Amino acid sequence: MCKKLFFFINLVIILLLSGCDQFVADIERDFEYWSSTIIIQSIDIPSIGTDTQNYPCIKSDTDQIIKIKLINPQNYTLKLPGEPGAPHDIIVFGNGVIGSGTGSPVYNTDYTLTQPNPTELILTLKSGFLRKNECGIVDLHPTIILYSKEGRKFLTRSFKLKVNSPAPELDYIGCGKTKKTEEGKYHYVLVFKVKDMPGYNVESGNLPGTFKYERLHQDVHYLFVDHTRMIIGMNGDYTDFAPPIQSNSGIRLIKHSAAEDLDDEDIVNVSPKPDYPDSHQNWFIYLKVPVPLKGASKTYQIQIKDERGLGASPINISTPANSPSVTVNLDTSTGTTSANLNNTNSAASPHEINAKEGTNNVKLNLSTSTPGAYINCYIKKGVGFSNLVSNPSGIDNATVSLPVAGSSIIYQVEIQVSAAGMPENTKIIYYKVVSDSVTISSTDGNAWTKLKTEAGKSSGVSTILIRGEIAAASGNNGEISIGRNLTIKQAASSTAVLNANNLSRIFKVTSGKTLKLENITLKNGQASSGDLGGKGGGIALIAGGKLTISGDKVKLDTKSKIYIDAGSVIELEGTLSDNTPVACIEPEIYNSSTKVLQGDITTGSPKNKTKFKVESPTSGPKYWIIANTGHLEDFSTAALNEDSIAGMEGFMSSNEQTKSGAPSSIIYKTNEGKFGYITVTDMIPVTGIGLVMTFNYETFNGSSGNNKSISRLKGFDLDTGDLGELTDSTVDFSIGGTTTDFTLIPLNGAKFFIKN
């Protein structure tokens with residue numbers, strides 16, 4: 001059994017060994033075949049990208065080199081175009097491909113093919129050739145056939161390839177805004193320049209049925225903004241873009257004439273302000289984006305592409321990085337200011353706000369143009385501004401109240417404004433709240449001295465309020481010299497009287513200063529005889545000092561006269577009250593060139609000017625009135641009319657008046673307040689009656705008559721022209737005396753002045 005098994009094993013081995021020769025022979029044949037051919041391992045194309053049809057694309061600005069890697073075990077040298085006996089089909093281009101001339105590509109002129117070593121071929125495509133096939137109009141489709149020097153044909157290899165230089169890069173020029181609103185808002189406009197437009201000449205597309213491209217970037221066609229595509233095109237001579245032909249909701253291209261530079265107020269906390277071109281240039285594009293002025297910053301990815309989808313790398317551009325806006329406005333019912341309350345400053349230079357009279361809190365209204373922005377404020381005072389006063393806040397607006405305390409106080413206001421998608425806007429602004437008025441009451445200790453001190457300051461509040469009657473006294477008196485422009489008036493719900501008690505002049509106003517009086521009475525002013533000769537017991541206006549009398553209820557008693565030197569003046573505002581006279585004026589110089597009043601001289605009825613008495617001088621014409629121009633006028637030469645007679649009211653009296661001999665002219669104010677004059681025509685005594693006066697009269701805005709008669713037995717009503725009983729309440733006067741000792745008897749409050 002063992003012998004048989006051994007025999008069988010030997011037989012199998014012999015059979016196997018006999019078949020091995022054939023197996024080895026097959027391997028050797030296969031190896032010999034593969035080692036004696038050439039294989040293209042790879043093709044290295046200097047591609048700048050692939051187009052929308054997945055074609056690799058190359059540029060045409062320079063010669064392009066394509067490297068072909070070979071597997072060449074036997075180190076064959078290949079047959080190349082241009083060599084003797086070289087096949088014509090070593091390299092063939094696709095249909096429609098043209099050379100730099102007028103026909104098909106020509107070796108050496110349009111391309112070359114070299115074999116620098118056994119494992120590499122170099123295909124060089126010349127720039128001039130490439131330019132004729134630009135803008136991706138045709139597939140170059142190079143087909144390469146490898147031949148050995150001996151003419152052996154190894155293989156054929158083709159690959160896709162187009163010439164299409166990408167659309168050029170964008171330069172960001174700056175940011176502007178739309179000239180017109182859209183849905184009530186102005187929007188940002190991003191400005192770009194497309195570089196290297198329109199590019200060099202290419203003369204591509206010369207074959208029938210193809211579009212002819214004359215310039216390299218004539219195929220620029222799209223602007224991509226994020227995922228939004230907009231069409232752009234060129235004008236007919238390729239010198240600029242054509243006007244925008246496509247618009248999209250929210251974002252679009254616009255004409256350069258529809259955009260303009262930003263103003264400072266169009267951005268918030270952005271420094272420096274974005275650039276904007278001084279003038280439009282060719283190949284600028286203006287992109288309106290849906291970001292309103294002062295809106296949250298938004299970044300856009302922007303890219304130019306050609307018709308076949310090739311473009312330079314996109315750029316990312318953002319609109320201005322605004323913070324949420326905030327505007328501070330003063331509630332003008334609570335204060336006044338000349339400062340811009342929005343500007344940041346320092347505690348050493350706070351914005352000054354003058355609180356209005358009676359205001360307990362100055363109010364600032366804060367608002368934002370950023371919808372939904374949250375405003376949060378911290379108001380602090382004290383040393384180091386460590387004392388929190390209040391913490392107002394609100395959405396879209398907030399109100400800050402700054403308490404009025406003392407003559408002045410400085411507040412630190414920290415404003416924080418936040419909004420979604422925007423950096424927080426924090427501002428610290430300092431405000432100085434100045435009480436625009438100070439009240440001095442008759443109950444204050446040494447009130448007169450307090451008033452004298454406050455009014456004499458060169459700076460301070462603009463208004464002093466007087467409450468009650470402030471009377472001078474021993475140790476609490478003295479002339480009040482005005483140190484700044486100042487208003488002195490009655491405090492609310494009070495009276496206002498300054499009583500010098502014959503201890504001094506009340507006010508002195510010198511050059512460059514103005515004292516304004518409202519609703520106040522001055523009395524018992526007494527200047528010393530050594531000061532201006534005792535003139536101006538009430539007020540002395542010196543060297544251009546100015547007094548303003550405003551409204552009604554201003555009165556200076558007969559002792560408190562107003563001295564006016566040359567160059568000083570009284571300003572009238574509004575209609576003065578019927579407190580006649582308001583004051584008695586003592587001019588330094590009495591002549592028609594002296595101006596004592598200005599402003600509302602002729603306002604009111606009777607006119608304001610008539611409510612001032614002009615003190616009679618010690619020499620020269622005795623009686624002076626004030627003309628419509630505010631100048632002095634000699635009453636003796638003035639025409640008798642309502643104005644001139646009313647101007648003499650201060651000299652009229654309701655007491656009996658006598659005159660030696662018969663009068664010829666009498667002026668008057670009736671008990672109904674009308675002015676007029678009497679011309680006496682005859683005076684005769686009558687037995688049993690006494691003196692009888694015959695006269696003509698004229699009452700302005702009333703009656704008039706001639707050859708009227710009156711005696712001591714009757715009264716005469718100058719308003720109606722009627723005689724009446726002496727006891728009648730309407731009659732204005734009667735007479736008495738003799739032809740040599742005339743007596744005028746005013747009745748019922750009528751006032752008279754015997755002119756001559």
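This report describes a helix, several strands and a set of aromatic contacts in a predicted model.

Helix H3 spans residues 447-456, and its buried residues are Ala447, Trp448, Leu451, Glu454 and Ala455. These residues cover an arc of only 130 degrees around the axis, which puts them on the same side of H3. In an α-helix there are 3.6 residues a turn, so residues three or four places apart point the same way.

The buried residues of H3 pack against strand S32 (437-441), strand S33 (463-471), strand S34 (480-481), strand S35 (486-490) and strand S36 (496-499).

## A five-stranded open sheet

Five strands, in the order S17-S19-S12-S11-S18, form an open sheet with antiparallel pairing. Strand S17 (252-254) and strand S18 (259-261) are the edge strands, each of which pairs on one side only. From one strand to the next, the twist averages 50 degrees.

Three bridges pair S17 with strand S19 (residues 284-292) in the antiparallel sense. Ile254 stands opposite Tyr286 in S19.

## The enclosed strand S8

Strand S8 (residues 143-147) is largely enclosed by the rest of the structure, because five of its five residues are buried. Thr143, Ile145 and Tyr147 point one way from S8, while Ile144 and Leu146 point the other way.

S8 is joined by two bridges to strand S5 (residues 91-92), and the two run antiparallel; here Val92 stands opposite Thr143. S8 also pairs with strand S9 (residues 153-158), in the antiparallel sense over four bridges, and Tyr147 stands opposite Lys153 in S9. S8 and S9 form a hairpin with five residues between them, and Gly151 in the turn has a positive phi of about 95 degrees.

## Aromatic pairs and charges over rings

The whole structure contains 21 aromatic pairs. One of these is the tilted pair of Phe385 and Tyr430, with 5.3 Å centre to centre and 55 degrees between the planes. Phe385 lies in the loop between strand S26 (374-381) and strand S27 (387-390) and Tyr430 in strand S31 (residues 425-435), so the pair ties together parts that are 45 residues apart in sequence. Phe385 counts as buried at 16% relative accessibility, and Tyr430 counts as buried at 13%.

Tyr668 and Phe752 also form a tilted pair, 5.8 Å centre to centre with 40 degrees between the planes. This pair links strand S49 (residues 665-669), which holds Tyr668, to strand S57 (residues 751-754), which holds Phe752, 84 residues apart. Tyr668, Phe695, Tyr697, Phe716, Phe733 and Phe752 form one aromatic cluster.

Charged side chains also lie over rings. The charged end of Arg131 sits over the ring of Tyr200, 3.8 Å from its centre, and Lys305 lies over the face of Phe224, at 4.8 Å from the ring centre.

How values were computed: Residues are numbered from 1 along each chain as its sequence is written. This is a predicted model: local features need pLDDT of at least 70, side-chain atom pairs count only at pLDDT 80 or more; totals for chains, interfaces and linings use all residues. Side-chain values use heavy atoms; hydrogens and water are left out. Buried means under 20% relative accessible area, exposed over 50%, partly exposed in between (1.4 Å probe, protein chains only). The arc is that of the directions from the helix axis to the C-beta atoms. Contact means heavy atoms within 4.5 Å. Two strands pair if DSSP finds at least two bridges between them. Axes are lines fitted to C-alpha atoms, for helices over the stretch in contact, and angles run from 0 to 180 degrees between N-to-C directions. Rings of Phe, Tyr and Trp (its six-membered ring) pair if their centres lie within 6.5 Å; planes under 30 degrees apart count as stacked, over 60 as edge-to-face and the rest as tilted. A charge sits over a ring if NZ of Lys or CZ of Arg is within 6 Å of the ring centre and within 35 degrees of the ring normal.
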